[in-house]
Amino acid sequence: MSSPDNETLRQSLIAAYEDSPSMDRGILQLMSIIYDGVNKTALMDYVRQCNLPAFKDGNFSQVTLTEVINRLMRKNLIVKGERSQLHCHFLMLEEATRRSVKGGHFEAMAQSVQKKRRSVLPGNSLYFVNYNQTLSELRIAFHRGDMPRVKQILSTGERFFPREFVQYPPWLLVFNNPLCPDEMWTLPDDLISEALTMLFT
């Protein structure tokens, strides 16, 4: 379960998010779907791939993106990780993605992420560079309601990253950040059982 301190911080981050311009909120939503760390150049590539009017504005440049990133970093909504990679704050990952779904932006953003990343190999087999990419693809499949794909990603992720899968189970990282029962009940029965066992034991 989320700790009281995490919930207090999450609420302050949500307030900062809601007080941000729509462009800034859109960039954070995109970064939450990317899930993994990203540098400014790569993030700009994702933006260019994204078929949303706000990102297709001819005035949106690398300079504009830098200004957005700086504003989000001052609010602690974006943080720097290893090798100065930029990340959506962990406590905002699910919140920002859920808002992209509610706002109707999710699919365009998810498509841009997948076009650049190309994690599907010939024969529809999957390839993931790291565990965060596995979680990103899992979340995309889940929010699309593609449960066969969710199961395929879980199986592939456990095979590719067995240690991470045990130490940082996807159920704890995704469905317990914060706990969202309504989303969990959309899973097939066998996955609900697996998720509940991990969350409450």
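Trainee: Why is L138 called buried?

Mentor: Buried means under 20% relative accessible area, exposed means over 50%, and partly exposed lies in between, with a 1.4 Å probe and protein chains only. L138 has a relative accessible area of 8%, so L138 is buried. Please bear in mind that this is a predicted model, in which local features need pLDDT of at least 70, side-chain atom pairs count only at pLDDT 80 or more, and totals for chains, interfaces and linings use all residues. Residues are numbered from 1 along each chain as its sequence is written, and side-chain values use heavy atoms, with hydrogens and water left out.

Trainee: Where is L138 placed, and which residues does L138 touch?

Mentor: L138 belongs to helix α8. Helices (H or I, at least four residues) and strands (E, at least two) are DSSP runs, numbered from the N terminus. Contact means heavy atoms within 4.5 Å. Leaving aside residues up to four places away in sequence, L138 touches V150, I153, L154 and P170. L138 and V174 are 36 residues apart in sequence, and their C-alpha atoms are 9.3 Å apart in space.

Trainee: What makes an empty space a cavity rather than a pocket?

Mentor: Rolling a probe the size of a water molecule over the atoms shows where empty space is left. On a 1 Å grid over the protein atoms alone, a cavity is a set of points where a 1.4 Å probe fits but cannot get out, whereas a pocket is an open set with protein on both sides within 12 Å along at least five of seven lines. Lining residues have an atom within 4 Å of a point. Grid points are joined across faces, edges and corners, and a volume is the space filled by probe spheres set on the points.

Trainee: How many cavities of 30 Å³ or more are counted by this rule, and which residues line the largest cavity?

Mentor: The count is one cavity of 30 Å³ or more. The largest cavity has a volume of about 40 Å³, and its lining consists of L138, F142, V150, W171, V174, F175 and L187. Two or more of the lining residues come from each of α8 (131-144) and α11 (170-175), and α11 provides the largest share, three residues.

Trainee: What is the class of the residues in the lining of the largest cavity?

Mentor: Ala, Val, Leu, Ile, Met, Phe, Trp, Tyr, Cys and Pro count as nonpolar, Asp, Glu, Lys and Arg as charged, and the others, Gly among them, as polar. The lining of the largest cavity has seven nonpolar, no polar and no charged residues.

Trainee: What can be said of the largest pocket, its volume and the residues closest to its centre?

Mentor: The largest pocket has a volume of about 380 Å³. It is lined by 15 residues, of which Y35, D36, Y131, N132 and L135 are the closest to the centre. β2 (86-88) and α8 each give two or more residues to this lining, and the largest share, three residues, is from α8. By class, the lining of the largest pocket has nine nonpolar, four polar and two charged residues.

Trainee: Is Y35 buried or exposed?

Mentor: Y35 has 7% relative accessibility and therefore counts as buried. Y35 lies in the loop between α2 (22-34) and α3, and has a positive phi of about 70° although it is not a glycine.

Trainee: Why does N76 count as partly exposed?

Mentor: The relative accessibility of N76 is 33%, so N76 counts as partly exposed. N76 is in the loop between α5 (62-74) and β1 (78-80).

Trainee: How many disulfides are there by the rule?

Mentor: A disulfide is a pair of cysteine sulfur atoms within 2.5 Å, and the count by this rule is zero. C50 counts as buried because its relative accessibility is 0%, and C88 counts as buried because its relative accessibility is 5%. C50 sits in the loop between α3 (40-49) and α4 (53-56).

Trainee: How confident is the predictor in the protein chain?

Mentor: The pLDDT is the predictor's confidence in each residue, from 0 to 100. The protein chain averages 86, and 86% of the residues score at least 70.
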